[in-house]
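Here is a friendly note to read with the structure open beside you. Take the points in order, and find each residue in the viewer as you go.

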Amino acid sequence: MPDNPPDLAGAIHDERRLEDRYLVHWPILMSWTTPAGLFVAHGRTLNLSFGGAHVAVDRNFAIGDKVACRLSVQPWHGNSSMLDIDLFAKVVHANYSSRAGGFDIGLQFESFSGDGKEKLGRVVQALQKGVAVASSQIIHSSH
């Protein structure tokens with residue numbers, strides 16, 4: 001007789017997002033240092049929350065890699081200038097995606113430079129309040 005089927009309900013529960021994610025496509029620059037020197041990868045967000053981002057970048061990463069990031073929040077209605085947020089993140093997901101046009105990377109934000117955490121908080125709060133952001137929407141609701 002076959003073994004009992006796996007408990008998929010537990011696995012699905014673990015995949016639930018703790019925060020809403022918003023579909024936004026903003027530039028992100030990722031950098032890291034190795035003994036060989038400083039490296040940089042260019043990409044764009046696919047979605048964003050206060051705790052992390054799903055990004056498409058031009059280079060692959062290993063899960064657990066630590067990277068410095070500069071997220072460039074693009075102007076939208078009510079915000080006439082670009083807003084840069086500097087932060088540090090850990091790679092929690094990584095694979096190649098032809099649909100994303102490069103590598104599909106999941107980032108978990110760990111710390112921020114300067115007032116980066118407050119800036120990101122204001123951006124997410126504006127998204128939560130439904131500020132008209134070009135092509136933005138909630139794609140995962142918190143449970």
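1. Let us start with one term. A residue counts as buried when its relative accessible area is under 20%, as exposed when that value is over 50%, and as partly exposed in between. Glu110, at 41% relative accessibility, is therefore partly exposed. Please keep in mind that this is a predicted model.

2. Which residue does Glu110 form a salt bridge with? The partner is Lys66, and the closest N and O atoms are 2.9 Å apart. Glu110 belongs to strand β7 (residues 102-112) and Lys66 to strand β5, so this bridge ties together parts that are 44 residues apart in sequence. Lys66 has 52% relative accessibility and so counts as exposed.

3. A search of the whole structure finds three salt bridges. Another of them joins Arg70 and Asp86, with 2.7 Å between the closest N and O atoms. Because Arg70 sits in strand β5 and Asp86 in strand β6 (residues 83-97), the pair ties together parts 16 residues apart in sequence. Both ends are partly exposed: Arg70 has a relative accessible area of 37%, and Asp86 is at 26% relative accessibility.

4. Now look at Lys119 and Asp115, whose side chains meet in a salt bridge at 3.6 Å, N to O. Is Lys119 buried or exposed? Lys119 is buried, since its relative accessible area is 18% and the cut-off for buried is under 20%. Asp115, at 40% relative accessibility, counts as partly exposed.

5. Next come the rings. The structure holds five aromatic pairs. Trp32 and Phe61 are both buried.

6. A second example is Phe109 with Phe112, also edge-to-face, at 6.2 Å centre to centre and with 75° between the planes. Phe109 is buried, with a relative accessible area of 10%, whereas Phe112, at 21%, is partly exposed.

7. Together with Trp32 and Phe39, Phe61 forms one aromatic cluster. Which residue lies over the face of Phe61? That residue is Arg59, at 5.0 Å from the ring centre.

8. In soluble globular proteins, nonpolar side chains tend to be buried together.

9. Leaving aside neighbours within four places in sequence, the residues in contact with Leu107 include Ile28, Met30, Ala53, Val55, Val67, Cys69, Ala89 and Val91. Gly51, Gly52, Lys90 and Val92 are also among the contacts of Leu107.

Conventions
Residues are numbered from 1 along each chain as its sequence is written. This is a predicted model: local features need pLDDT of at least 70, side-chain atom pairs count only at pLDDT 80 or more; totals for chains, interfaces and linings use all residues. Side-chain values use heavy atoms; hydrogens and water are left out. Rings of Phe, Tyr and Trp (its six-membered ring) pair if their centres lie within 6.5 Å; planes under 30 degrees apart count as stacked, over 60 as edge-to-face and the rest as tilted. Buried means under 20% relative accessible area, exposed over 50%, partly exposed in between (1.4 Å probe, protein chains only). A charge sits over a ring if NZ of Lys or CZ of Arg is within 6 Å of the ring centre and within 35 degrees of the ring normal. A salt bridge is a side-chain nitrogen of Lys or Arg within 4 Å of a carboxyl oxygen of Asp or Glu. Helices (H or I, at least four residues) and strands (E, at least two) are DSSP runs, numbered from the N terminus. Contact means heavy atoms within 4.5 Å.
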